Amino acid sequence: AISSGQGESHLTTTGRTEAGATMSKTQRSKVDDHPDGFWLVPVCFPDAVPHAVHLALVPATCTPSPEEIAGTPAERTEAARRAMLGLPPDRDLVGSHAHRTAAERAAAAGHRAFDPKRLEDYVVVEITAPVVYNELHAVVPMVASASPGGSIVCWADDNALWARRTGRHRTPGACPPARAVVNLQMCGLGAAADPGGGNPVLHHVAAMQWCPSGRRLLLLVVVHVATMHHVFPLYQWVVWDPPSSWLEEDEADEDEVAKGDCGDGWGATTAHETETEAAAQAGRAAAHERYHGTKGCGTLSQGRWHVPSSNFLQDCLPIFEQYSQTHMLWNPAEDAVVYSARNDAENAEYIELQHFPPREAQPEFPTPVHQEDAPFELPYTVRPTPPAVVVCEGSFCVWSPC
């Protein structure tokens, strides 16, 4: 936890987003304003009325490691030898001087970033308290994650999965408002979850993980199914492909956002006064296609409904956000994930592989567009996926990075 400065809250780090490895030529040619990535942290302002906790996307600062601060390998070896012999250091650790200076500068930059006046510009959304459904024995917490590079921040509550396009070169306070990726109360994703015909009564998101490139989001969707005798949860891995207009980081896109021509219900789409009416209509049509047509439509790919392994439910899921940079479910090609599932009928647990075809792979037949006319909801289509493949028996799995 970090606490310093009047008006600053206690901050608990929840995760760091770093620049993805896959970048377009346009991205390489642009100077990144925040090369060290971002911290996605909860913040609060003690003097605010009413009291509330917010989620902020704060620029991170790269700090040297303890080994670097301790000097070069040769200097560390000599210092350890002299300490073992009870001798004082014979000289300053020259190799660590530059790293100590960098650490001091990073600490100062970190304190500036958490200044209360700056924190207000970094706020993305207000954090809501977990919702408890006593009759379902279910607790729905707020789950959040930022894409590598911090260009998109997603969070989920008991109403919807939300996304806010923050952009690599803009503060969240100057960005378009959030859009609902999936309305969990009306999506109907769990309509066929129970083969026995149970009634799905509650949907929520239990975990999420971005792929390393930041172009696809993996979600663990939970549906609580009610039968005549009891209520039980079923789980499904779902992949959200953001609209391609959200992923493009070209100069034209930055200019449009700066002018308020984002089509996200933020700002206004206006034509230059000197343009003809025909040109203005063409521009509005192009903007509509960009943000509400093919480029403005996301996709959802659904996996198999299952019950995760006991190991995953008890040991992994409660702290799943801590696995974002150490335990990856995505394969290196970002078109498949692995997960553990339990078969109660056979009293066995398995490792399954689920392929999620990328957006570039066109489906064989057209799919209907959902949330097409809602002003604060993102349109999306549901893409078909192949059946999951059982790899082997097991209770926990991750994918190697290469």
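## Strand E8 and its partners

Two strands are said to pair if DSSP finds at least two bridges between them. In this predicted model, strand E7 (residues 143-146) meets that condition with E8, to which four bridges link it in the antiparallel sense. Within this pairing, Val143 has Ala156 of E8 as its bridge partner. The hairpin of E7 and E8 has five residues between the strands, and Gly149 adopts a positive phi near 95° there.

E8 is also joined to E9 by five bridges, again in an antiparallel arrangement. Val153 stands opposite Arg164 of E9. Three residues lie between E8 and E9 in the hairpin that they form.

## Burial of E8

In a regular strand the side chains alternate between the two faces of the sheet. From E8, Ile152, Cys154 and Ala156 point one way, while Val153 and Trp155 point the other way. The strand is mostly covered, with five of its five residues buried.

## Asp157 in the E8-E9 loop

Asp157 belongs to the loop between strand E8 (152-156) and strand E9 (160-165). Asp157 is buried but has no salt bridge. Its nearest side chain of opposite charge is that of Arg164, 13 Å away; a salt bridge would require a side-chain nitrogen within 4 Å of a carboxyl oxygen.

A polar atom of the Asp157 side chain lies 2.9 Å from the backbone nitrogen of Asn159, and a polar contact of 3.4 Å connects the side chains of Asp157 and Trp162. Leaving aside residues up to four places away in sequence, Asp157 touches Thr128, Val140, Trp162 and Leu184.

Definitions and conventions
Residues are numbered from 1 along each chain as its sequence is written. This is a predicted model: local features need pLDDT of at least 70, side-chain atom pairs count only at pLDDT 80 or more; totals for chains, interfaces and linings use all residues. Side-chain values use heavy atoms; hydrogens and water are left out. Helices (H or I, at least four residues) and strands (E, at least two) are DSSP runs, numbered from the N terminus. Buried means under 20% relative accessible area, exposed over 50%, partly exposed in between (1.4 Å probe, protein chains only). Lys and Arg count as positive and Asp and Glu as negative; His and the chain ends are not counted. A polar contact is a pair of N or O atoms within 3.5 Å; within protein, one must be able to donate a hydrogen and the other to accept it, and residues adjacent in sequence count only if both atoms are side-chain atoms. Contact means heavy atoms within 4.5 Å.
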